[in-house]
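Open your viewer and keep the selection tool ready.

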Amino acid sequence: MIVPPFVALVPARMASTRFPGKVLAEIGGTPMVLHCAQRARESGASRVVIATDHAEVRQVAEAAGWSVVMTATSHETGTDRLAEAVAQLDLAPDTLVVNVQGDEPLLDPETIRAVARRLHERPDCALATAAYPITSRAHLEQKNAVKVVLDHQDLALYFSRSPIPWARDAWARDAALWPEDLPAWHHVGLYAYRVSFLRLFACLSPAPLERHEALEQLRALWYGYRIAVVRLAAAPLPGVDTPEDLQRLREVWATRVA
């Protein structure tokens, strides 16, 4: 399938709440953020740029030959950081940009391509993202799992940490039953944007739904912007939120390169 031209931006913030400095943690002798940039390069992005708020990340990335832009430390969301980055890079309004997180070194390059392709195919949408099926009630009820409800065109209707959709009648009959046709989807935090929307997003006030759910994509829906969703067959390999995650990922990495 044809892949449209797109730019991959890799946000790399040092002050992570649960794991400060994780983007420079080494996996197989290479800082994690550089693995993420390499996944972006393998996706076919026409340009890969690391966006960071810390001089040490910049030094490490530039020493390895990657392009870097410095962004403010005050951004409340990753989308705000990308908005500053695209302004510095002076990208054209119709440019497609994919946000490749700096803590997901095992992200499949095809998933990156897929969200870029999905946005390219939907000129009526401001963003594209991805989701994979939820197949158990225990998964649906996980508070740290962000759920997305889709319409018939695979456009996002709503995102929540709460269990949505809820199989009211089925679970009234049998709480242990999982309805095979329940359209439950786990949201994957990978986004493609149009630069014109990124610039606008930074000017929009946070929405009430966004503040209560702590999900910045709800700002787009609140103001009437459409989000196209790519259906993945299965969950992507996990990223790194904690030191324990890093250890597990290092073990997986060792098996992959052995």
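Select Leu-209, Trp-222 and Tyr-223. Together they form a nonpolar patch on the surface, with about 290 Å² of accessible area. Nonpolar patch members have over 30% relative accessible area and no salt bridge, and their side chains (Val, Leu, Ile, Met, Phe, Trp, Tyr) are joined within 5 Å. A salt bridge puts a Lys or Arg side-chain nitrogen within 4 Å of an Asp or Glu carboxyl oxygen. Areas use the Shrake-Rupley method with a 1.4 Å probe.

This is a predicted model: local features need pLDDT of at least 70, side-chain atom pairs need 80 or more, and totals for chains, interfaces and linings use all residues. Residues are numbered from 1 along each chain, and side-chain values use heavy atoms, without hydrogens and water.

Stay on Tyr-223. It sits in the loop between α9 (217-222) and β11 (227-231); helices (H or I, at least four residues) and strands (E, at least two) are DSSP runs numbered from the N terminus.

Buried means under 20%, exposed over 50%, partly exposed in between.

Next, select Thr-71, in the loop between β5 (67-70) and α3 (78-89). Thr-71 counts as buried because its relative accessibility is 7%.

Note on methods: Patch = residues over 30% accessible without salt bridge, like charges linked within 9 Å, V, L, I, M, F, W, Y side chains within 5 Å. Buried < 20%, exposed > 50% of the residue type's maximum accessible area, 1.4 Å probe, protein only.
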